[in-house]
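Good morning. Please keep the picture in view while I talk.

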Amino acid sequence: MMAKLPGLGPRSARRAVLHMIKKRGMLMTPLADALHSVAATARECLNCGNIGTTDICDICASEKRRTGELCVVEDVADLWAMERAAVFKGRYHVLGGTLSALDAIGPDELHIPKLLDRVSAEEITEVILALNATIDGQTTAHYIADSLEGRVSVTSLAQGVPIGGELDYLDGGTITAAMKARKAF
Amino acid sequence: MEWRDQGALLSVRRHGETSAIIEVFTAEHGRHAGVVRGGASRKVAPILQPGAQLDVTWRARLDEHLGAFKVEPVKSRAAAVMGDRMAMAGLNAITGLLGFSLPERENHPLLYQRTMTLLDLLGNSEAWPLAYLRWELALLDELGFGLDLTKCAVTGALDDLAYVSPRTGRAVSAEAAGEWADRMLPLPESLLGHGMGELGDVSEGLKTTGYFLANRLAAQLGGNQLPQARQRLVDRIARHSAID
């Protein structure tokens with residue numbers, strides 16, 4: 001079973017299991033208890049799609065996060081990345097993927113109708129599109145921006161040189177995006 | 001079996017945890033699929049964006065095998081279109097239509113050249129919607145559903161061509177159309193290679209090419225629907241032409 005987990009092959013799974021057996025009391029039992037607890041309580045937030053232990057996650061339930069800003073992300077992992085940065089104080093909306101003609105994923109397969117409902121119901125003033133800088137991600141971003149046109153302010157994350165990045169190692173596309181988005185210094 | 005070629009990436013699909021199956025429209029080998037080992041990695045995934053120009057080396061034990069690609073980036077086209085909604089819709093329509101319509105491993109050198117020119121125009125020139133319309137005509141022609149717009153199918157007249165017959169795909173003059181005009185498809189100047197390629201004109205032309213793509217080409221391919229990406233582009237061009 002361990003070998004079926006992402007990132008683990010049969011050999012690394014065997015090593016992990018052996019390690020846990022050796023440290024049964026310190027590692028295996030607490031891990032088993034934690035897994036059991038998560039399996040019993042973890043669920044998807046009915047409002048935003050985040051994963052929590054209640055029907056409405058802590059972020060959606062918090063009054064402090066009712067700032068009028070809504071950050072749209074592709075996946076829960078992206079939401080967690082944004083939370084790690086601790087720079088955004090509003091609420092989130094997890095789409096659950098991106099539009100993809102190849103995989104027959106249309107707007108109804110994602111949580112886009114729910115997003116449009118939330119914009120009205122929660123008095124959102126700004127929707128921030130934090131989607132991946134890929135063709136699929138940006139196609140989805142454009143689709144959402146079109147759907148929200150005239151209703152609310154729509155912004156997206158900037159694209160360009162990463163912190164600590166050296167120009168020499170950047171691809172042409174990133175340099176082009178950074179050049180197009182240059183600002184007064 | 002091994003060959004090396006250049007081409008534009010049409011689609012990417014995850015294959016297992018680390019690899020990807022890609023489709024590339026190549027200069028000498030047509031639409032060709034293959035596995036890219038490590039194609040889902042942080043290093044390679046950013047290269048594998050639809051529309052990207054790649055230098056590919058394909059290798060397989062037998063010709064009929066899926067085979068594996070080694071890819072080298074030549075040119076990324078994603079950055080040029082990402083900030084431009086219409087260009088993005090154009091890129092998706094082009095890659096979607098090629099993936100949908102081209103038979104695998106069949107060489108189409110003329111269409112390849114036109115496709116490369118069109119992809120390079122996206123986001124860099126305002127003339128690309130007209131080039132896109134002409135490209136759809138070329139796609140129909142290449143796949144055996146070409147339109148004959150040189151003269152009127154009824155009278156043989158070279159002037160006053162106003163319609164296209166949905167049955168034959170041939171031009172019809174306004175005079176010859178007579179009471180059948182409302183059953184004909186529009187023949188705007190952009191389809192005849194005239195005019196400045198205004199969006200309204202291009203939008204009309206796309207109705208005609210769309211009819212033949214859906215009712216001739218797609219019907220021949222088992223009645224599958226055209227990619228939604230094309231319809232999104234057509235809607236966007238129509239919306240912009242209404243604003244203009």
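Start with strand S2 of chain B, residues 19-26, which is mostly covered, with 7 of its 8 residues buried. Keep in mind that this is a predicted model.

What does S2(B) pair with? On the one hand there is strand S1 of chain B, residues 2-15, and the two pair in the antiparallel sense over 8 bridges. To find the place on screen, look for B:His15, which stands opposite B:Ser19 in S2(B). S1(B) and S2(B) form a hairpin, with 3 residues between the two strands. One residue of that turn is B:Gly16, and B:Gly16 has a positive phi of about 70°.

S2(B) also pairs with strand S3 of chain B, residues 30-36, again in the antiparallel sense, over 7 bridges. Here you can look for B:Ile22, whose bridge partner in S3(B) is B:Gly34.

Strands of a sheet pair through backbone hydrogen bonds, and the pairing is either parallel or antiparallel.

Now go back to S1(B) and follow another of its pairings. S1(B) is joined by 7 bridges to strand S4 of chain B, residues 53-59, and these two run antiparallel. B:Asp5 stands opposite B:Val56 in S4(B), if you want a pair to point at. How many of the 7 residues of S4(B) are buried? The count is 6, and S4(B) is described as mostly covered.

S4(B) pairs in turn with strand S5 of chain B, residues 68-75, in the antiparallel sense over 7 bridges. In S5(B), B:Pro73 is the bridge partner of B:Leu54.

Further along chain B there is an open sheet of 3 strands, in the order S7-S6-S8, with antiparallel pairing. Which strands are at the edges? They are S7(B), residues 171-173, and S8(B), residues 185-186, and each of them pairs on one side only. Strand S6 of chain B, residues 161-164, is joined to S8(B) by 2 bridges, and S6(B) and S8(B) run antiparallel. Within this pairing, B:Tyr163 stands opposite B:Pro186 in S8(B).

On to helices, still in chain B.

Helix H2, residues 85-101, and helix H3, residues 109-121, both of chain B, pack at an angle of about 160°, and their axes are 11 Å apart. Angles over 145 degrees count as roughly antiparallel, so H2(B) and H3(B) are roughly antiparallel to each other. The contact is made by B:Leu91, B:Ile94 and B:Leu98 on the H2(B) side, and by B:Leu111, B:Thr115, B:Leu118 and B:Leu119 on the H3(B) side. By class, this contact has 6 nonpolar residues, 1 polar and no charged ones. The crossing of H2(B) past H3(B) is left-handed.

Chain A has a helix pair to set beside that. Helix H1, residues 10-22, and helix H2, residues 24-41, both of chain A, cross at roughly 115°, and their axes come within 6 Å. The range from 65 to 115 degrees counts as roughly perpendicular, and H1(A) and H2(A) are therefore roughly perpendicular to each other. H1(A) brings A:His19, A:Met20, A:Ile21 and A:Lys22 to the contact, while H2(A) brings A:Arg24, A:Leu27, A:Met28 and A:Leu31. Those residues divide into 5 nonpolar, 1 polar and 2 charged.

Not counting residues up to four places away in sequence, B:His240 touches B:Met86 and B:Leu199. The C-alpha atoms of B:His240 and B:Ser203 are separated by 9.6 Å, and these two residues are 37 residues apart along the chain.

The other topic is A:Ser100, in the loop between strand S4 (91-94) and helix H5 (112-121) of chain A. Is A:Ser100 buried or exposed? Buried means under 20% relative accessible area, and A:Ser100, at 10%, therefore counts as buried. Leaving aside neighbours within four places in sequence, A:Ser100 is in contact with A:Ile105 and A:Asp136.

That is where I stop. Thank you.

How values were computed:
Residues are numbered from 1 along each chain as its sequence is written. Chains are lettered from A and ligands numbered from 1 in the order in which they are written. This is a predicted model: local features need pLDDT of at least 70, side-chain atom pairs count only at pLDDT 80 or more; totals for chains, interfaces and linings use all residues. Side-chain values use heavy atoms; hydrogens and water are left out. Axes are lines fitted to C-alpha atoms, for helices over the stretch in contact, and angles run from 0 to 180 degrees between N-to-C directions. Helices (H or I, at least four residues) and strands (E, at least two) are DSSP runs, numbered from the N terminus. Angles under 35 degrees count as roughly parallel, over 145 as roughly antiparallel, 65 to 115 as roughly perpendicular and the rest as oblique. A crossing is left-handed if the near helix is turned anticlockwise from the far one by less than a right angle, and right-handed if clockwise. Contact means heavy atoms within 4.5 Å. Ala, Val, Leu, Ile, Met, Phe, Trp, Tyr, Cys and Pro count as nonpolar, Asp, Glu, Lys and Arg as charged, and the others, Gly among them, as polar. Buried means under 20% relative accessible area, exposed over 50%, partly exposed in between (1.4 Å probe, protein chains only). Two strands pair if DSSP finds at least two bridges between them.
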